[in-house]
Amino acid sequence: MLNLIKFEFLISNFEFIVVSMKRLLCMSIIMGALIPLLKAADLSDAELAQIGRKVWINECAGTVAGLTSWNEGEEFASLGIGHFIWYAAGRRGPFEESFPALVEYLAAHGETVPAWMRGACPWNTRAEFMAAQHSERLEALRSLLADTTGLQARFLAQRMSDALPKMLAAAPGPDEAQKVRRNFERLEATGAGTFALIDYVNFKGEGTLATERYKGQGWGLLQVLEAMPANGDPAQAFSQSAKAMLARRVRNAPPERHEERWLPGWDARVERYGD
């Protein structure tokens with residue numbers, strides 16, 4: 001009996017040690033990722049202007065009118081060069097709301113932001129939004145967004161940097177976390193790769209939210225980096241992985257959303273990452 005108790009004690013301690021080692025390994029991966037986060041902050045104003053312009057073209061054809069949009073079939077306004085999501089009061093969807101964070105970022109960097117922009121979206125439906133296109137509020141919003149494209153680009157770059165520790169913490173295990181980090185660093189080491197990271201994390205999110213899943217499978221930056229081949233040109237590998245994840249999203253999407261209508265445009269967008 002005594003030997004059996006000792007054996008069970010050893011097994012229990014062994015399991016504790018294994019779990020602890022896994023946690024330490026994940027933490028070391030996350031802490032080690034803090035060094036490359038400096039790269040996004042080091043982007044020059046000229047580099048950010050170029051990146052911001054390309055994102056603006058991707059999202060709304062580089063037009064001022066496109067800075068204030070509400071797409072058919074969606075439950076939110078899409079604003080700024082990154083089409084940041086803004087929900088009306090009492091409305092929430094599966095996708096992360098990003099416009100309030102942008103507004104706070106603009107205010108923190110010296111921009112004058114009216115109080116109404118710091119609350120919920122004042123238009124409850126797309127019909128209300130479209131009817132208000134020439135209203136004082138929408139004109140003021142459009143003007144602010146047109147005047148702050150540089151700050152919006154820096155906000156996008158910061159979001160890319162902030163995404164890495166979130167993705168490492170959300171990865172299924174230490175091996176997957178290591179792969180995500182390696183692929184992130186491969187991309188961040190090149191101009192084309194840096195743009196791909198910035199554009200995609202804004203385009204389809206970090207991939208860490210449980211709500212941003214269909215049939216339990218995500219399509220965000222985390223999933224693209226996990227599925228990305230470990231060799232070859234990083235931007236091209238990322239592009240192909242992104243196409244695969246977006247195709248999977250459409251296959252898994254609820255039929256009533258008819259997401260297949262958007263896939264050709266999504267494919268064209270991510271294909272340009274590898275050009």
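Is R159 buried or exposed?

## R159 and the basis of the model

R159 counts as buried, because its relative accessibility is 14% and buried means under 20% relative accessible area, with exposed over 50% and partly exposed in between (1.4 Å probe, protein chains only). This is a predicted model, in which local features need pLDDT of at least 70 and side-chain atom pairs count only at pLDDT 80 or more, while totals for chains, interfaces and linings use all residues. Residues are numbered from 1 along each chain as its sequence is written, and side-chain values use heavy atoms, with hydrogens and water left out.

R159 lies in helix α7, which covers residues 149-170. Leaving out residues up to four places away in sequence, R159 touches E96, S98, V201, N202, G205 and E206. Contact here means heavy atoms within 4.5 Å.

## The chain as a whole

The protein chain has 12 helices and three strands. Helices (H or I, at least four residues) and strands (E, at least two) are DSSP runs, numbered from the N terminus. The chain has 275 residues, and 47% of them count as buried.

Among contacts in the protein chain with a separation of 6 or more, 64% join residues 24 or more positions apart. The accessible surface of the chain is about 13700 Å², and carbon and sulfur atoms hold 58% of that surface. Such areas come from the Shrake-Rupley method with a 1.4 Å probe; for residues, only the protein chains shown count as cover.

## The sheet

Three strands form an open sheet in the order β1-β2-β3, with antiparallel pairing. β1 (68-69) and β3 (84-86) are at the edges and have a single partner strand each, so one side of each lacks a neighbour in the sheet. Two strands pair if DSSP finds at least two bridges between them.

Strand β2 (residues 77-79) pairs with β3 over three bridges, in the antiparallel sense. A77 has W86 in β3 as its bridge partner.

## G80 and the cysteines

G80 sits in the loop between β2 and β3. G80 is buried, because its relative accessibility is 0%. Apart from neighbours within four places in sequence, G80 is in contact with C60, L67, L145 and Q152. The C-alpha atoms of G80 and S69 are 8.7 Å apart, and these residues are 11 residues apart along the chain.

C60 is itself buried, at a relative accessible area of 9%. C121 also counts as buried, at 3% relative accessibility. The whole structure has zero disulfides, a disulfide being a pair of cysteine sulfur atoms within 2.5 Å.
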